[in-house]
Amino acid sequence: MRLRSNTNKGHKYYAIVEDYRKNGKRTTRILDKIGNENKVIQLSEKDNLTINEWLSNYFENYKNNHTDNESTELLIKKNTNILIPLNKNCTFNVGYLFLENIYYSLKIDKIVKQISNKYKFQFDLNSVLSNLVFSRIIYPSSKLKTYELCKNFIETPKHNLENIYRGLSYLNKDLDYIQKEIYKNSKSIIDRNTRLIYFDCTNYYFDINEETDFQKYGVGKDKKPKPLVGMGLFMDGNGLPIAMNLYPGNENETKHLIPLQTQINEEYELENKETIICTDAAMCTDEIKKYNIKDGRAFVITQSIKKLKEEYKEKVFDDENWRIIDDKYNVYKLSDILNDDDKYNHYYDTIFYKIVQTETAHVKQDLIVTFQIKYKEYLKKVRDGQVERAKKKIQSTEKGMKIKLTTNQNDYRRLIKEEVKEVKNNNKKNKDNSNSLNDNNTNNKFEYSYSIDNSVIEAEEKYDGYYGVTTNINTDISEILKISKNRWEIEESFRILKTDFDSGTVYLSREDRIKSHFLTCFISLLIYRILENKLDYKYTNTKIIETIRNMNVYEEKDSGYSPAYTRTDLTDDLHEKFGFRTDFEIISYKKFEEIFKQIKE
């Protein structure tokens, strides 16, 4: 700790700084900004002191007030013949404190307080919500298990299990309000790019035997015969969630984009309502595009080449007039490149494009079609693997038995061709032979044989390497393609929710509580994304989550806590970004109280 002065733009400033080493290099952090020279002169004259005398006194007072009076070296006594206390937990997680810092920066505690005052209940709803959010990231599990696991946090929960279920019911009453206020508060701590908005939907399966008014049988992403709940998610151009909505699983996802988009445009006070909506081919409808050409809005929506009208397909597959981004003068024939080994290798990673003028019932648009050899070979490699799986399925299926086929584009069974042969059965005793299906009206049976359907493979190969995007934006092609390419971030958000946060583990039956469960998942996703941003996206999802999950401290009786985790570059970055440390050899109880206070200010 030392006193430092520096000059910036002709003005002299004073501060108290601390030197430390990071990654083997010496660096400095500012502990206290005293002020500029004019301010110090005024203060020193007021105390009838010279500048140097006043600065010296200030520095000594600061050291006295910021030096820990406890021993810097502790002797902890332990006995080899004394058992540890029965059923007493001595290890606590402190990784959640970084999440808690963001939670309070978003002022979620104040939002929850307003809800508590509104309904006049007595339990601590902030304790309920915060622990559900932190546990969803660190200990994803059922509500019962969450209640037990949140006792591992260094701060003792201020609620019981009953409060969790009651709290979920109250949170649902103001589900839209909570999302809106969190978005508004987030603008003060992180940049929100709402000029560009991404939208996508997913669904969640429920392991129940009968559907409800909310959990409905529908077409799920994985084709499972289970009731579903759908989720629509809006994300800004920086990869941060804006809002989500939930709907019964039997409803078409396309009907939920416009209402939610209208709501956030009206209620969220977006800095620029002239937004560009980017979404996948499932939303490539005339109604959605018609809505997004009004009031300065625009769209970038993926287009399935297979579903184009034949007149547009002819233009897409026309060999002529292909271009390369940033090359304004040359045009190319794809056949010249694909049939020449040298050119094939030279242009392997190159993205070619052409623009085809198309229109829907109400919208004129550009269809930007891209072609890449690398993408073509990738799709062929994926399909070749599926062909091998289909062959193994055919070989392993007993002769005459039936294979359940599908047209799902991601399922290898779409590549299997079925042939049915009717066999006359004169032996009534064999009527129920398990290797065949009997006609109920005859003694005949049907035998099934299977082979690879080469016609399906040939039809799919035609589209390998092509990708389509529709838009009404008149701008540089590279910008449009960049917007479309970044759609992976919302897909990654769903992966984080479902895989890392295990958001599909619900174990709730009431609709209001199910909705609140997904609200806690949404808040967890936002907080996690902000954490990624603060860490400059230097680390993978797995690395960040595993690190904060394993950041435990061990309580040394009557002394404080000692870290029980490995100090790494990531833990150093966390402490650096959030302004507190939990990685000293021993951290006193008093120091942790100061950290709690700092986080919640």
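Okay, what are we looking at? This is a predicted model, where local features need pLDDT of at least 70, side-chain atom pairs count only at pLDDT 80 or more, and totals for chains, interfaces and linings use all residues. Residues are numbered from 1 along each chain as its sequence is written, and side-chain values use heavy atoms, with hydrogens and water left out.

So, which residues does I523 touch? Leaving out residues up to four places away in sequence, I523 touches I108, L129, V133, I178 and I182.

I523 and F518 have the most contacts inside the largest nonpolar core, which has 99 residues. A nonpolar core here is a set of buried (under 20% relative accessible area, 1.4 Å probe, protein chains only) Ala, Val, Leu, Ile, Met, Phe, Trp, Tyr and Cys residues joined through side-chain atoms within 4.5 Å. Helix α18, residues 511-534, gives the most to this core: 12 residues. Helices, by the way, are DSSP runs of H or I, at least four residues, numbered from the N terminus. There's also a second, separate core of 21 residues, including Y247 and L257.

Now on to a helix pair. The axes of α4 (residues 108-119) and α8 (residues 175-186) come within 10 Å and cross at roughly 150°. Axes are lines fitted to C-alpha atoms over the stretch in contact, with angles from 0 to 180 degrees between N-to-C directions. Therefore α4 is roughly antiparallel (over 145 degrees) to α8. On the α4 side, I108, I111, Q114 and I115 make the contact; on α8, Y177, I178, E181, I182 and N185 do.

Conventions:
Helix = DSSP H or I, 4+ residues; strand = E, 2+ residues; numbered from the N terminus. Parallel < 35°, antiparallel > 145°, perpendicular 65-115°, else oblique. Contact = heavy atoms within 4.5 Å. Buried < 20%, exposed > 50% of the residue type's maximum accessible area, 1.4 Å probe, protein only.
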